Amino acid sequence: MVFYLSKMSKLLLLIAVVSFVFNPSPSRVTNADAVEPPIDKIAYVSEVWVTAYSSTPEETDDTPFITASGKGVRDGIVAANFLPIGTRVKIPAVFGDKIFTVEDRMHPRKKNVMDVWMPSKGEALKFGAYYTEIAVLEQ
C-alpha cells in the first residue's frame with residue numbers, strides 16, 4: 001500500500017511528532033512538577049439582582065469594549081458597584097462553579113445589581129434578570 005499525504009497533512013504530522021518529542025510523557029512528570037489548583041474559599045454570600053449587558057452604545061459609555069478597569073470585555077466579566085474591581089465571584093444558581101471577575105461598573109443608581117457581560121444584546125436580553133445568591137471569593 002502506498003500513502004500520499006498532502007502538504008497540510010505532512011505539516012500536521014510534523015507538528016504532532018514535534019509535540020510528542022518535546023512534551024514530557026506522564027512517566028517523566030513528578031509530583032514536584034504538579035501544580036495544585038487554587039482553592040476558592042468563599043468570603044461571604046449575598047443576594048443580589050443579576051442581569052446582563054453587552055457592548056452596545058445604548059448600554060455603555062463611549063468606549064463600549066473597554067471596562068472600567070481598563071481591560072477589554074470578555075467572557076467572565078461582571079459589572080458591579082458594590083464590590084472592588086478585581087473581586088472574584090460565583091453565581092452558582094445560574095452559572096454553577098464558573099468564576100467571574102468584577103472589572104466594570106454600572107450607573108451609580110444601581111446599588112444591589114451585578115451585570116454579566118454577554119457578547120450580544122440578544123443574549124443579554126434572553127438572559128433576563130435573577131434575584132439570586134452570589135458567592136464572593138477570598139482574594
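**Close-up views of the chain**

**View 1. Lysine 71 is partly exposed, with a relative accessible area of 44%.** Buried means under 20% relative accessible area, exposed means over 50%, and partly exposed lies in between, with a 1.4 Å probe and protein chains only as cover. The model is predicted, so local features need a pLDDT of at least 70 and side-chain atom pairs count only at pLDDT 80 or more, while totals for chains, interfaces and linings use all residues. Residues are numbered from 1 along each chain as its sequence is written, and side-chain values use heavy atoms, with hydrogens and water left out. The side chain of lysine 71 forms a salt bridge with that of glutamate 103, at 3.8 Å from N to O. This pair links distant parts of the chain, 32 residues apart: lysine 71 is in the loop between S1 and S2, and glutamate 103 is in strand S4 (residues 99–104). A salt bridge here is a side-chain nitrogen of Lys or Arg within 4 Å of a carboxyl oxygen of Asp or Glu. Side chains of opposite charge can pair when their charged atoms come close.

**View 2. Glutamate 103 also forms a salt bridge with arginine 74, with the closest N and O atoms 2.9 Å apart.** Arginine 74 lies in the loop between S1 and S2 and glutamate 103 in strand S4, 29 residues apart, and the pair links these distant parts of the chain. Glutamate 103 counts as buried because its relative accessibility is 4%. Arginine 74, at a relative accessible area of 38%, is partly exposed.

**View 3. Lysine 98 and aspartate 75 meet in a salt bridge, their closest N and O atoms being 2.8 Å apart.** Lysine 98 lies in the loop between helix H2 (92–95) and S4, and aspartate 75 in the loop between S1 and S2, so the pair ties together parts that are 23 residues apart in sequence. Lysine 98 is partly exposed, with 28% relative accessible area, whereas aspartate 75 is exposed, with 56%. Elsewhere, salt bridges that share partners join Lys71, Arg74 and Glu103 into one network. The structure holds five salt bridges.

**View 4. Strand S5 (residues 113–117) is largely enclosed by the rest of the structure, because five of its five residues are buried.** Both faces of S5 are covered. Val113, Asp115 and Trp117 are buried on one side, and Met114 and Val116 on the other. In a regular strand the side chains alternate between the two faces of the sheet.

**View 5. Strand S5 pairs with strand S1 and with strand S2.** Two strands pair if DSSP finds at least two bridges between them. Strand S1 (residues 42–53) runs parallel to S5, and five bridges join them. Strand S2 (residues 77–80) runs antiparallel to S5, with three bridges. Methionine 114 in S5 is the bridge partner of valine 50 and also of alanine 80. Strands of a sheet pair through backbone hydrogen bonds, either parallel or antiparallel.

**View 6. Six strands close into a barrel in the order S1-S5-S2-S4-S3-S6, with mixed pairing.** Neighbouring strands of this sheet are turned by 45° against each other on average, direction ignored. Axes are lines fitted to C-alpha atoms, for helices over the stretch in contact, and angles run from 0 to 180 degrees between N-to-C directions. The chain has three helices and six strands, and its elements run α-β-β-β-α-β-β-α-β from the N terminus on. Helices (H or I, at least four residues) and strands (E, at least two) are DSSP runs, numbered from the N terminus.

View 7. pLDDT is the predictor's confidence in each residue, from 0 to 100. The chain has a mean pLDDT of 82, and 73% of its residues reach 70 or more. Over residues 25–29 pLDDT stays under 50, and the model has three contacts for them beyond four places in sequence. Contact means heavy atoms within 4.5 Å. Where pLDDT is low, the predicted coordinates should not be read in detail.
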